[in-house]
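Please have the sequence and the structure open.

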Amino acid sequence: MSKITYDLIVLGGGRATTLAIEAAKAGQSVALIEPLRLGGTCPNRGCVPSKLLIGYAHAADAVREAGRHHVQAEITAIDRQQIIDDVNEWIEGVDPRYASRMPDGLDLYRGYGRFISNHEIVVNEVQLSSARIVIATGARSRAAQFSNVPAWTSDDLFPFKHKIPQSIAIVGGGFIACELAGFFQGIGVETTLLVRGKALLPVEDELISRVFTEQFGRKVKVKFGTVVDEVEHSAEGGFQIKLSDGEQLDADALLYATGRIPNSDKLGLENTDIEMNSRGFIERGEDFQTAVEGVYAIGDVAGKYQLQHASSLEVKVLTDRLLYHGLGDVKGPRYMPHAVFTDPEIASVGLTERELVNSDDFVVVTENWLSSARAMSWRLDYPLTKLIVKKDDYSIHGCHMIGPESSTMIHQVLMLMELDNDVRKIPQMVHIHPSLSESLIAVANKAIAEIDG
């Protein structure tokens with residue numbers, strides 16, 4: 001077995017590819033190990049392709065819902081195969097685009113890397129060693145409940161090489177399940193969500209989850225409080241799904257979206273001093289360093305956020321530390337936002353109301369968006385913003401939105417929270433009239449009035 005020593009080894013060719021490239025450009029010898037497609041989950045089988053699909057569903061939904069604007073319209077055809085082909089074409093170009101960026105000094109190993117000691121890894125029968133190793137192997141979809149039937153997970157969808165179903169059952173009530181349900185329903189596939197609990201998106205603020213559950217349920221059939229007891233798959237390709245309430249659901253396709261697990265189980269971590277928690281996520285300090293000096297864990301495999309923009313930030317911070325500014329203090333963001341790209345759309349940052357330890361120290365206010373004519377133009381009555389504001393200094397500790405363009409609008413609040421966190425700044429700003437962001441003035445004034453008494 002040949003042996004090679006590198007200045008840096010990066011396990012995982014997703015967001016951490018940027019770190020590997022920067023290190024090689026800085027003159028370091030770098031090994032990048034990736035068994036699948038470069039780019040990782042987000043561009044290949046996650047955020048990007050799923051959002052591209054949702055765009056087509058939104059276009060179809062706009063036609064279906066034109067009646068609320070007194071416009072009579074109907075869909076005469078949806079070319080589902082062309083939709084899939086468009087998205088597949090984009091995905092197929094991801095790996096070549098990443099591969100074309102590889103500089104001299106960076107060796108790409110297409111295979112699975114496995115630790116044999118704290119600082120040694122074997123891949124493709126080559127032994128690699130380095131004083132600095134970055135683990136960025138990400139996470140994968142939790143396997144389908146029944147292994148004897150060809151059920152999908154979200155990782156199986158992209159590139160989409162399956163026959164497009166006429167009907168689909170999706171198990172799960174989180175954001176992946178809801179986003180994919182919105183797409184399939186939008187392009188005319190009969191869609192049913194099977195949810196163990198009583199609400200969709202239960203990790204969101206309770207009010208947001210409740211409004212979302214009501215609005216989403218008007219478009220997509222949802223069965224709450226049920227689990228799948230048994231699944232049969234016929235020779236013709238259909239699924240017979242027996243539920244805990246005694247009902248049977250027939251569908252052409254079955255998709256499980258019941259969470260994600262870290263890709264740490266095949267890394268040979270038992271041969272190292274690296275520690276994992278009970279769920280398999282790698283333990284690390286605030287500097288991203290594991291229990292082994294010089295070995296770092298970033299992104300989904302560490303499990304803190306499971307968000308692409310969080311992984312990108314961690315890559316940037318670690319790149320700065322390892323290549324440019326030394327091993328000083330790590331200063332990440334104070335707040336990590338997220339969004340759910342469904343219809344309705346959701347955006348959130350900071351604490352939810354149920355997470356408040358001393359609720360008497362805060363005011364919690366909710367306001368609709370109807371103070372904005374731009375919001376009124378959508379002819380929707382559910383969009384709202386919820387603010388959680390600390391009484392003693394007017395600082396915003398939570399913001400939760402549901403409504404069109406929430407993922408864009410929340411950035412005004414997010415920037416304020418990061419830079420000069422005082423809710424009184426919102427009504428002091430000049431807002432373009434009648435922009436959507438103008439609705440934030442009403443909810444900010446409401447919080448100020450409650451604090452001032």
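F216 is buried, at a relative accessible area of 2%, where buried means under 20%, exposed over 50% and partly exposed in between (1.4 Å probe, protein chains only). F212 also counts as buried, at 0% relative accessibility. Both residues, F212 and F216, lie in helix α7 (residues 206-216), four residues apart, about one turn of the helix. Helices (H or I, at least four residues) and strands (E, at least two) are DSSP runs numbered from the N terminus.

The ring centres of F212 and F216 are 5.0 Å apart with planes at 15°, so the pair is stacked. Rings of Phe, Tyr and Trp (its six-membered ring) pair if their centres lie within 6.5 Å; planes under 30 degrees apart count as stacked, over 60 as edge-to-face and the rest as tilted.

## Basis of the values

The model is predicted: local features need pLDDT of at least 70, side-chain atom pairs count only at pLDDT 80 or more, and totals for chains, interfaces and linings use all residues. Residues are numbered from 1 along each chain as its sequence is written, and side-chain values use heavy atoms, with hydrogens and water left out.

The structure holds four aromatic pairs. One of them, Y6 with Y109, is edge-to-face, at 6.4 Å centre to centre and 90° between the planes. Y6 lies in the loop between β1 (2-5) and β2 (8-11) and Y109 in strand β4 (residues 106-109), so the pair ties together parts 103 residues apart in sequence. Y6 is buried at 5% relative accessibility, and Y109 is buried at 11%.
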